[in-house]
Structures are given as C-alpha cells and as structure tokens.
Amino acid sequence: MKIKTNTIIDKQKKGKQSFVKEELTSDVTLRQDKEKIFYKDKSEKTAEQILNLFKNKEIDKEWSFKGCKTSDTGKWTHSYHRYPAKFIPQLVEKLIDEYVSNENAHINDPFMGCGTTIVTALSRGYKASGTDINKIAYLITKVKATPIPPEYLNKKIKQFSTVVKHLEDKNELFYKEVESYIPIRHIERINYWFTEDVKIKLGKLLKLIYEESDLTIRDFFTIAFSHILKNCSLWLQESTKPTRDINKKLVNPYDLFLKHLKKMERGNNSFYKIVPLKIKNNINKFLNIQIGDARIQPVSDGEVDLIVSSSPYVTSYEYADLHQLSTIWLDLVEDLKEYKKQFIGTSFKKCNNRTLRSKIAMNIVNTMFKKDSKIAKEIETFFIDMEEVFDESFRILKHGGRCCYVIGNTKLKGVDILNAEVFAESLQYSGFKIDRIIKREIPSKILPQKRDEKTGRFANNKEANYEAYPIEYIVIGLKG
Ligand SMILES: C[S@@+](CC[C@H](N)C(=O)[O-])C[C@H]1O[C@@H](n2cnc3c(N)ncnc32)[C@H](O)[C@@H]1O
C-alpha cells in the first residue's frame, strides 16, 4: 500500500538512514521496510512480555532522590526560568554516571525543554546537542548553558540596574518610543493579561534590553524578563493553565526584574566555577542546539553516546499556550495557530495517514475510540510521532549508545495510557534492545503537577482529583 504523504520527516530521512530506500514515497513503506529488518532480532520482546515486564517492576528507591532540597534541584543555572515538567538535574547526573565513560562524550536531548540535560552535559565537559520546537525553551536553554565571566556580568548588571532605577522618571517622548516595543500584532492578548501601567513598564524594560549590544548579555536579560512575566500579569499565580485572576496583587516589574537578575547572577557564578575551561573557552564547539522538531537532530549518524530526554505527554500541557506571555512579548511567533500544530502531544496535530507500529499503542487507541474518537486520534498521532523520534535517536547514537526516555503513565477518560510500555515496544521497532526499565517514585515535593481526571489535562492541586505521576519510568534502549 502506498499513501502519498509529504511530511518534513519524509524529506529529511531520505539519504540519512542507510536502511531506508532512496525513493521513499510514503511513511507506510518506510515502516514496513523497518519491520522486516528488525523483527528478525531474537532478543526482541513481544507486546505481552513487555506488559509483564512492567507489571512485575519494583520501585527502585535509588532513583527517587528523596533527600534533594530545592537548593540542590535549582543549583547553578537551573532556576533561571520556570518550566513545566522539567527534570531534576540529579536524575540526568545519575544516568550520565552510570552510562558515560568516554571523556569526549556527546549527549543529546531531542526535547530539551529548559535544558536540564544540556546544562548537565556541559557541566561535565561533554558535548551537548538537542532541539525544542518551543522558541522560548531554546532561548532558556541557550542562556542557561552559556557561562559568563562573573566580573563582566556583574559590571553589566550594575550598569543596567542603574538605568532601570531611573525608568520611572522618563519623559513623554520616551513613552512614545516605548510603544514600538509592545508587539502590536499581539496587543489584544497583552491587554488581556497586563494592566496598562505594567504594560508600559514592561515596554520600557524591553526597550532597554534590546539596546544592549552584547548579544549574550541581551539574551541573559531577556530570559530574566521572560521569567517575571507571569508574576507581573493577571495569570492566576498557582496555575499553569492560562486562567485570569483579576484580583491578583501586582508587584512592580522593575523590582521583580532586578531581584531575579541578582538570582541569575548567583546561578551563573556557581555554574561558571564548575564548568571545565575547555567549554568556557569555546562554547560553540560543545553546544549544538536548535529550535526544531525532535525528529530532526542537528547531528550526523552515530555521533552520540547518550540521549537523556522526556517527551511531552499526549493532550496534557499545551506548551505553546503555557508560554504565551513570553511568546507574545518577545514576538516570537507570527502565526500562533500554525506554531501550535508543530508540538508533539498537542490536540492541534494531525495524523496524516501514517500507521502505528506498536501493538500496545493500537490497543490503547482502539479502547479509547469507543469512548472518544477525537482523543483516540490524538493518542494515535502522539505515538506515531514518538516512533519517528525513536528512529532519529537510533540514527544519531553510536553502537553501544543508549537512549533514556523518562515518562509516566496516566489515565484519560478512564483508559490507561501506558506511555512507558508503548515507548519500550516502539524503541524495539526503531532497532533498539530494551536495556533497562527503571521505576521511580516522584517525591511529592517535586511532583510537577496533578491531573484533572475528566480532561486528562494538568491542573492545579485544588482542581485535580488525583496525582498525575507519582510514579514514572526511565525506559532505556540500547543500540547494540
Ligand atoms: C517534558 S518537556 C521536557 C522538559 C525537559 N526535560 C527539561 O528538563 O526541561 C517536553 C518538551 O518537548 C517539547 N516539544 C514538543 N513538541 C516538540 C517537537 N515536535 N519537537 C521538539 N520538541 C518538542 C516541548 O516544547 C517541551 O519543552
């Protein structure tokens, strides 16, 4: 069967993978070719064996990191910017400790988020590469991964703070100039989320930031600006969902900004101390990150030693919505609707006549279909997208390299969404052997969120009826 599809993946994969025929005309052909090749592997587990493997899995207490304090999880540059469902760095460090011995190692994360894996890799002197489709995630990662000489940063912050403190007294002319820094195409959204007074103050701050000529420093300030937006807006503080709180007590943006800059400065200084000299001297040689799709890594075949990543979840966070304050203020996106479609796990994405390989996934989709055909389609699209991510992981890893995907299971409309089991099965179809499954508890103080049982979406603790991921898995595939 040949179905004409024209996805970016089709275009990119041609010529990249030796086992894929040159004249691919469809995803379906690609999938059948791969199945033929990889089903021959004797160590491959059936769907049933995988389900049993997970059923009998005990929690491994060593991976709970129960003793970790906020100062440990937020060390170095890790508390520059809030980010939903981020890793704790200790988890990445432990995986690196267990699996990396090569001093010139290369570590990759196709779903960088706020860059926990990337920062950790650099802190150990390794090469780091990765992607995120979320433009603000890319900028956060870039800034967190770039150590700045402390004296220089201190000088820049001092100069900037002096000017910020005088912003209140700026005259009418300055006010007019500021208006051009408030992105007009998003003005309705900005007016919805910000009071007039705050909007003008933020415009003034942004104007100053964009006048900074050193791009590294400008990005550093931009991330501080992006981080304070939630606190300055009418966004309900304890919610990750875009909910307005018109009675919110607002704080002066200038005070918030300067306070956060100081915190970031302390983070930079401690990061600077531990990052090896070779990285500080030549960051561009070691850091290779892009705004882009997880299925297209900026890396040649067989280059990577270890992948540590956590994917989005199906219909949980709409990352594009969650980061909309930064997206509108920094004017990152022209067409928000098109942008949203590029996110994996979103309800805006379409399946495009591709077929699932995982039998466990098919079962979940069929069960859901009886309850809600729209959600069933979304789940199907999510798992197919993830299968393509795993193909790319296989391509970029060295022989003997591993990919570690951190994922939790959940329930939607009463149907168990066995993400971890599907990931394990799907990794095999991409050519991996299942090397290890780690079951870990997430201690409640670092548990990211709770879920609303009806919608499956993340919610704040008051709205949710059960814990989202008290348990999660690290599914580890070996390229043997
Ligand atoms: C669970 S988060 C990763 C968090 C990360 N481990 C950290 O420590 O910050 C998943 C990420 O996947 C990103 N994402 C969603 N769709 C993507 C796609 N098509 N390609 C690349 N990244 C994508 C989201 O923007 C989000 O940052």
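## The ligand and its surroundings

The shell of residues around the ligand is made up of twelve nonpolar, seven polar and three charged residues. In this model, which is a predicted one, 22 residues surround the ligand, and the closest of them are Lys86, Phe111, Gly113, Thr116 and Asn134.

## The protein as a whole

The protein contains 21 helices together with twelve strands. Of its 480 residues, 45% are buried. When contacts between residues at least 6 apart in sequence are considered, 76% of them join residues that are at least 24 apart.

## Helix 19

Helix 19 runs over residues 359–371, and its 13 residues reach 19 Å from the first C-alpha to the last, which is close to the 18 Å expected at 1.5 Å a residue. The residues of helix 19 that are buried are Ile360, Ala361, Ile364, Val365 and Met368.

The partners against which the buried residues of helix 19 pack are helix 3 (47–55), helix 20 (373–396), strand 7 (415–417) and helix 21 (419–429). On the face of helix 19 that is turned away from this buried side, by contrast, the exposed residues Asn366 and Lys370 are found.

## Strand 1 and its partner

Strand 1, formed by residues 106–109, is covered on both faces, with His106 and Asn108 buried on one side and Ile107 and Asp109 buried on the other. Strand 1 pairs with strand 2 (residues 127–132) in the parallel sense, and four bridges join the two. Within these strands, Asp109 stands opposite Gly130 of strand 2.

## Arg244 in a loop

Arg244 belongs to the loop that lies between helix 12 (215–232) and helix 13 (253–274).

Although Arg244 and Leu234 are ten residues apart along the chain, their C-alpha atoms are separated by 5.4 Å. If the neighbours within four places in sequence are left aside, the residues in contact with Arg244 are Leu234, Trp235 and Leu236.

Note on methods
Residues numbered from 1 in each chain as written. Predicted model: local features only at pLDDT ≥ 70, side-chain atom pairs only at ≥ 80, totals over all residues. Near = placed C-beta within 6 Å. Nonpolar A, V, L, I, M, F, W, Y, C, P; charged D, E, K, R; others polar. Buried ≥ 20, exposed ≤ 12 C-beta atoms within 10 Å, placed from the backbone. Contact = placed C-beta atoms within 7 Å. Expected span 1.5 Å × (residues − 1). Pairing = 2+ DSSP bridges.
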